[in-house]
Amino acid sequence: MLPDSLPEVQHRARNIMFSDKTLHNVKMSKAITYYLQLINDLYKMVEDHFDSNEKEDKEKFEKIGARYKKVSEEHGGRNKGCILYYQKRTIPISL
């Protein structure tokens with residue numbers, strides 16, 4: 001329902017400004033987890049077929065693996081679920 005009075009408008013504006021970002025955070029967490037897994041799968045595939053004997057190539061490849069490991073440890077994580085609790089409030093509005 002649309003607000004009928006100025007206090008209701010102010011309350012709605014506060015709700016929008018301070019709205020719960022949990023669902024967005026969950027979606028982003030799932031996307032990051034998906035991308036990290038995709039990168040890991042690609043890295044393993046390349047690792048299985050990596051056949052360069054050049055020292056420089058091996059060092060670059062190892063650095064990429066180390067960077068991936070660092071990112072996945074610092075920013076990775078699986079979101080196995082989320083429970084949201086909302087407080088029911090009655091907003092007093094003086095007329």
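A: Let us begin with length: the expected span of a helix is 1.5 Å times one less than its number of residues. Please keep in mind throughout that this is a predicted model.

Q: How many residues does helix H3 have, and what distance does it reach from its first C-alpha to its last?

A: Helix H3, residues 55-75, has 21 residues and reaches 30 Å from its first C-alpha to its last, which is close to the 30 Å expected.

Q: Which elements does the chain have, and how do they run from the N terminus on?

A: The chain has three helices and zero strands, and from the N terminus on the elements run α-α-α.

Q: How should I read the sides of a helix, and which residues of H3 are buried?

A: The general idea is that an α-helix has 3.6 residues a turn, so residues three or four places apart point the same way. Buried means under 20% relative accessible area, and in H3 the residues Phe61, Gly65 and Tyr68 are buried. These three lie on the same side of H3 because they cover an arc of only 60 degrees around the axis.

Q: What covers the buried residues of H3, and which residues are exposed on the other side?

A: The cover over the buried residues of H3 includes helix H2, residues 22-49, whereas the exposed residues on the other side of H3 include Lys55, Glu62, Arg67 and His75. Taking the chain as a whole, 12% of its 95 residues count as buried.

Q: How many salt bridges does the structure hold, and where are the residues placed?

A: A salt bridge pairs a side-chain nitrogen of Lys or Arg with a carboxyl oxygen of Asp or Glu within 4 Å. The structure holds one salt bridge, in which the side chains of Lys60 and Glu56 meet at 3.6 Å, N to O. Lys60 and Glu56 are four residues apart in helix H3, so about one helical turn separates them. Lys60 is partly exposed, with a relative accessible area of 48%, while Glu56 is exposed, at 53%.

Q: Which residues form a nonpolar patch on the surface?

A: Tyr34, Tyr35, Leu38, Leu42 and Met45 form a nonpolar patch, and together they have about 550 Å² of accessible area. One of these residues, Leu42, has its place in helix H2 and is partly exposed, with a relative accessible area of 45%.

Q: What is the accessible surface of the chain?

A: The accessible surface of the chain comes to about 9,000 Å², and 57% of this belongs to carbon and sulfur atoms.

Methods:
Residues numbered from 1 in each chain as written. Predicted model: local features only at pLDDT ≥ 70, side-chain atom pairs only at ≥ 80, totals over all residues. Heavy atoms only, no water. Helix = DSSP H or I, 4+ residues; strand = E, 2+ residues; numbered from the N terminus. Buried < 20%, exposed > 50% of the residue type's maximum accessible area, 1.4 Å probe, protein only. Areas by Shrake-Rupley, 256 points an atom, 1.4 Å probe, with all protein chains shown as cover. Arc of directions from axis to C-beta. Contact = heavy atoms within 4.5 Å. Patch = residues over 30% accessible without salt bridge, like charges linked within 9 Å, V, L, I, M, F, W, Y side chains within 5 Å.
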